[in-house]
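This report goes through selected side-chain interactions, grouped by type. Please look over the sequence and the structure before reading on.

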Amino acid sequence: MRHGESVVPGARDVVSVGLLARVYPAAEVDRAIAACGRSEQRSRLLPARLVLYFVLGLALFSPDPYLEVMRKMTFGLRQVGLMGAWREPAKSSIFLARRRLSWEPFRELFARSVVPLAEPSDTWAFWRGLRLMAVDGTCVDIADTPANDETFGRHGGRPKPGKRPYKRAAFPQARIVGLVECGTHIIVDAAITEYSTHETTAAKDLARSMGPEMLVLADRGYPGVDLWRVWSASGAQSAALYTERWEIETTFKELKAQQIGAGEVLASKTPDGVHQQLWGHLLVHYALRVHMLEAARANSKNLDPDRLSFMTCLRVARRITMMPPAAFPPSA
């Protein structure tokens, strides 16, 4: 968008994000931005709210490039004439706007919005009255830049004395350790760290989202006195429902292979942008899973959402995002 162009009042503050706007309404987005001190003191062509929704759009339409995502997110508005003489902002302007916003508002929005959603009547999500949860980790390839390599690292670092060196990975990697509600595949909490941080170290932070009503499952690499003490202090239980733990593997497959895209590398060239992009993906995955759970309940009172296709939901969300809006969402 350039100076001197006519724009419908308020159009700069909105984009058509379809299903995402229901899960993350504008007022809640604004509160998350304000809590992190990122609210604007003056009007901008790319205000913070629009930029946050745009980053969610990058996750929804992954791996489409910047300007293609902006076209898709404004397509419906332009079809009904709500964008006036709007033109695409320059890619450099979007990059600077993302950098101004940083990643903290995304983490804040996640913390404010994401909760376990299975109800006690959902028998597929509980065992003896305990909510089934699982903890595990995965790694995501990120852009090969000096800054990302220095901050996150990669497989194949300095070998141990007397050992052959590991083959150096093609890309740096960010590690995600998640706490997942097994029944709904919702990633309730996550820790994003550099590659060298062991999963069991990052997993300690997830105790903040555990409680005595939960039964937390983990693979055989997790048992240890320190981690056991941290998790036990939350009141959460542990047992031998090992097959249920595999639900988290399916969840990470949804996130990496289907939503981000199999073999795709996150495009952000800075550590700040990587964190921003990953939290954006986590927010979009939650929104999609919310709508899958709603669809399951609308179909049958106790239908397990595992019976529904994540990829189908992703395709539907993308189509809806490009439809002309009935109102002017997501305005305040």
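Is E104 buried, partly exposed or exposed? E104 counts as partly exposed, at 27% relative accessibility. The model described here is predicted.

## Salt bridge between R38 and E104

E104 is the partner of R38 in a salt bridge, with 3.1 Å between the closest N and O atoms. R38 sits in the loop between α2 and α3, while E104 belongs to helix α6 (residues 104-113), so this pair ties together parts that are 66 residues apart in sequence. R38 is partly exposed, its relative accessible area being 26%.

## Salt bridges involving helix α2

The structure contains 18 salt bridges. One of them joins R49 to D30, with the closest N and O atoms 2.7 Å apart. Because R49 lies in helix α3 (residues 48-60) and D30 in helix α2, the pair links parts that are 19 residues apart in sequence. R49 counts as buried at 12% relative accessibility, whereas D30, at 26%, counts as partly exposed.

Another salt bridge forms between R31 and E28, where the closest N and O atoms are 2.9 Å apart. Both residues are in helix α2 (residues 26-35), and because they are three residues apart there, about one helical turn separates them. E28 is buried, with 16% relative accessible area, and R31 is partly exposed at 45% relative accessibility. What network do E28 and R31 belong to? Salt bridges with shared partners connect E28, R31, E108 and R112 into one network.

R208 is found in the loop between α8 (199-203) and β5 (214-218). Its relative accessible area is 49%.

Which residues does R208 contact, apart from its neighbours within four places in sequence? They are R107, D189 and A190. A polar atom of the R208 side chain lies 3.2 Å from the backbone oxygen of A190. For D189, which is 19 residues from R208 along the chain, the C-alpha to C-alpha separation is 8.7 Å.

## Surroundings of E254

E254 is part of helix α11 (residues 247-261). The residue is buried, and its relative accessible area is 5%. With neighbours within four places in sequence left aside, E254 is in contact with H185, Q259, H285, R289 and F310.

## Aromatic rings

How many aromatic pairs does a search of the whole structure find? The search gives two. The angle counts as edge-to-face because it is over 60 degrees. F54 is in helix α3 and Y66 is in helix α4 (residues 66-79), so the pair ties together parts that are 12 residues apart in sequence. F54 and Y66 are both buried.

The ring of Y66 also has a charge over it: the charged end of K91 sits there, 5.7 Å from the ring centre.

Conventions. Residues are numbered from 1 along each chain as its sequence is written. This is a predicted model: local features need pLDDT of at least 70, side-chain atom pairs count only at pLDDT 80 or more; totals for chains, interfaces and linings use all residues. Side-chain values use heavy atoms; hydrogens and water are left out. A salt bridge is a side-chain nitrogen of Lys or Arg within 4 Å of a carboxyl oxygen of Asp or Glu. Helices (H or I, at least four residues) and strands (E, at least two) are DSSP runs, numbered from the N terminus. Buried means under 20% relative accessible area, exposed over 50%, partly exposed in between (1.4 Å probe, protein chains only). Contact means heavy atoms within 4.5 Å. A polar contact is a pair of N or O atoms within 3.5 Å; within protein, one must be able to donate a hydrogen and the other to accept it, and residues adjacent in sequence count only if both atoms are side-chain atoms. Rings of Phe, Tyr and Trp (its six-membered ring) pair if their centres lie within 6.5 Å; planes under 30 degrees apart count as stacked, over 60 as edge-to-face and the rest as tilted. A charge sits over a ring if NZ of Lys or CZ of Arg is within 6 Å of the ring centre and within 35 degrees of the ring normal.
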